[in-house]
Amino acid sequence: MKNPLKIIKGRYLTMGVPYLWLLMFFALPFAIVLKLSFSSAAIAIPPYEATFSYADEMLNIALNFGNYLLLLQDSMYYMAYLTSLKMAFVATLGCLILGFPMAYAIARAPARLQTVLLLLVMLPSWTSFLIRIYAWMGILSNNGLINNALMWLGVISEPIQMLNTNFAVYIGIIYAYLPFMILPLYATLVKLDLSLIEAASDLGSRSINTFWKITLPLSMGGVVAGSMLVFIPAVGEFVIPELLGGPDSLMIGKVLWQEFFNNRDWPVASSLAIVMLALLIIPITLFHRYQSRNMENDV
Amino acid sequence: MKKLSFSKVMLWFGLLFLYAPMFILVIYSFNESKLVTVWSGFSPKWYGELFKDTQILEAVWTSLRIAFYSATMAVIIGTMAAFVMTRFRRSWAKLTLSNMITAPLVMPEVITGLSLLLLFVEMADLLGWPAERGMLTVWIAHSTFCAAYVAVVVSSRLRELDLSIEEAAMDLGATRLKTFFLITVPMISPALIAGWFLSFSLSLDDLVIASFASGPGSTTLPMVVFSSVRLGVSPKINALATIIILSVSLVAFLSWYLARRAEKKSKEAME
């Protein structure tokens with residue numbers, strides 16, 4: 001006979017271990033960021049003032065909205081958010097335009113070739129992210145490969161400034177995140193019923209028309225998932241604007257990093273994180289809905 | 001037919017776009033000149049320089065150890081979470097767990113890193129533990145975000161499994177735990193291995209979260225590479241990049257080859 005108590009214990013354990021771990025190291029940290037965003041910076045270790053203090057048998061709560069006011073007043077922060085959203089949006093669009101036909105071609109390739117092509121697409125993302133961004137520094141710089149080639153060909157006489165511009169950041173984001181766009185697109189496109197497309201073309205639909213009316217609407221789940229997988233991390237990207245961007249590619253991830261590491265203003269860094277999260281909550285929810293539909297299997 | 005050829009052209013263009021920069025990195029790692037962009041002759045000397053750099057070598061060792069432990073922990077947590085998500089009845093607890101486990105997949109790294117660092121600082125303040133940030137705190141941080149990837153990989157495999165095999169084992173008197181280790185684990189082992197390797201490479205590669213969570217004495221490889229790359233291109237980094245690219249390609253090719261051979265064998269066995 002199975003011991004019912006044992007089964008229940010096992011269930012709680014299976015649930016409890018990941019639950020407690022995530023509560024401790026994922027949920028609780030966010031509560032602390034929220035708390036700290038209402039604190040003020042101080043020259044101390046750790047460099048902020050306590051929000052909750054207990055003195056004379058009284059619990060004192062000191063909330064400081066100054067950090068949020070600062071974000072509103074100083075146009076630098078405001079611009080950084082706008083620039084991040086704009087650049088992430090354009091780069092996501094770039095990934096989609098390049099990634100969709102690629103995913104489509106892979107999904108229509110012979111079955112054996114599909115695995116090889118997917119492997120080829122994914123392989124770069126398993127090598128170092130940092131090193132792949134670094135590769136573009138050598139290609140785009142003023143005495144880099146592209147400028148040298150163009151000058152040798154006589155197309156230009158002066159090098160074009162490409163490194164440390166927004167253009168380089170776009171290239172970097174598209175390059176780094178392209179595989180994450182292709183994978184979910186492939187997953188939906190490979191399940192697409194080909195007979196629908198054939199039916200459309202049999203009935204005289206032009207291929208462009210078929211694409212807009214049949215292929216794209218039916219692969220919307222993959223489009224949304226892929227776009228969110230690119231857009232959300234790109235908004236908070238630090239490495240790419242730091243290495244490839246210039247003074248005008250002021251992205252919020254970089255600003256947060258500087259506030260934290262260079263200015264040691266932890267409360268402002270925290271409020272920057274909270275506002276970023278608030279801006280991203282809609283895309284995150286969209287992605288989550290797609291992901292949990294794929295993962296969950298209610299018994 | 002016309003659109004198919006367009007998508008094929010884009011596929012080749014995209015693959016060229018993905019691979020050309022990496023090939024250029026590899027080629028220039030054999031450049032004799034210190035200027036990475038000017039070719040002045042073939043020389044393997046930068047590899048020699050690389051292996052003399054004790055700072056890089058120490059960072060490699062630190063990173064490898066952290067990646068090993070993080071991947072192992074991530075597989076344990078991620079598999080448990082995947083099991084809850086695919087085999088447990090809908091409940092409030094399951095809903096919150098599934099919300100928490102996939103969130104790190106899309107969370108901007110600066111936010112995850114900042115929040116974990118603040119947690120460690122508060123904990124040190126209140127509990128006196130962890131007294132110092134180092135390998136342990138990076139391990140916790142990496143295990144948490146890698147578990148999300150493991151959960152995705154493992155849950156997709158768990159969903160495909162034929163439940164009747166597990167049910168048969170339990171009908172024949174095996175306990176739930178025994179069934180899990182003797183029936184479920186062998187059947188999901190490809191996903192467990194894939195999840196482990198994915199976590200290993202993610203941990204090895206992470207710069208932002210490690211920068212927040214680490215302390216003195218636990219400088220990881222990406223942190224060393226980043227501080228060097230910030231100052232500009234250097235042929236030593238090209239040599240390091242070449243070694244990374246070649247070893248990842250080798251592992252990927254081997255796993256693909258072994259998977260194909262196993263598939264062929266099972267097909268032959270079926271016939």
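User: What makes 41% of the residues of chain B count as buried?

Analyst: The test is a neighbour count. A residue is buried if 20 or more other C-beta atoms lie within 10 Å of its own. In this predicted model, 41% of the 271 residues of chain B pass that test.

User: How do you know which contacts in chain B join residues 24 or more positions apart?

Analyst: Two residues are in contact if their C-beta atoms lie within 7 Å. Then look at the separation along the chain. Among contacts in chain B with a separation of 6 or more, 76% join residues 24 or more positions apart.

User: What makes residues of chain A and chain B count as touching, and how many do?

Analyst: The 7 Å cut-off between C-beta atoms applies again. By that rule, 80 residues of chain A are in contact with 76 residues of chain B. Helix H1 of chain A, residues 4–36, gives the largest share of chain A's side, 18 residues. By class, that side has 58 nonpolar, 17 polar and five charged residues.

User: Why is the span of helix H3 of chain A called close to the expected one?

Analyst: The expected span is 1.5 Å times one less than the number of residues. Helix H3 (residues 75–108) has 34 residues, so 50 Å is expected. The helix reaches 49 Å from its first C-alpha to its last, close to that value.

User: Where in H3(A) is there a kink?

Analyst: At A:Gly99, shortly before the proline A:Pro101. The kink is about 30°.

Conventions:
Residues numbered from 1 in each chain as written. Chains lettered and ligands numbered in written order. Predicted model: local features only at pLDDT ≥ 70, side-chain atom pairs only at ≥ 80, totals over all residues. Helix = DSSP H or I, 4+ residues; strand = E, 2+ residues; numbered from the N terminus. Nonpolar A, V, L, I, M, F, W, Y, C, P; charged D, E, K, R; others polar. Bend = angle between axes of the 7 residues up to and from the residue. Buried ≥ 20, exposed ≤ 12 C-beta atoms within 10 Å, placed from the backbone.
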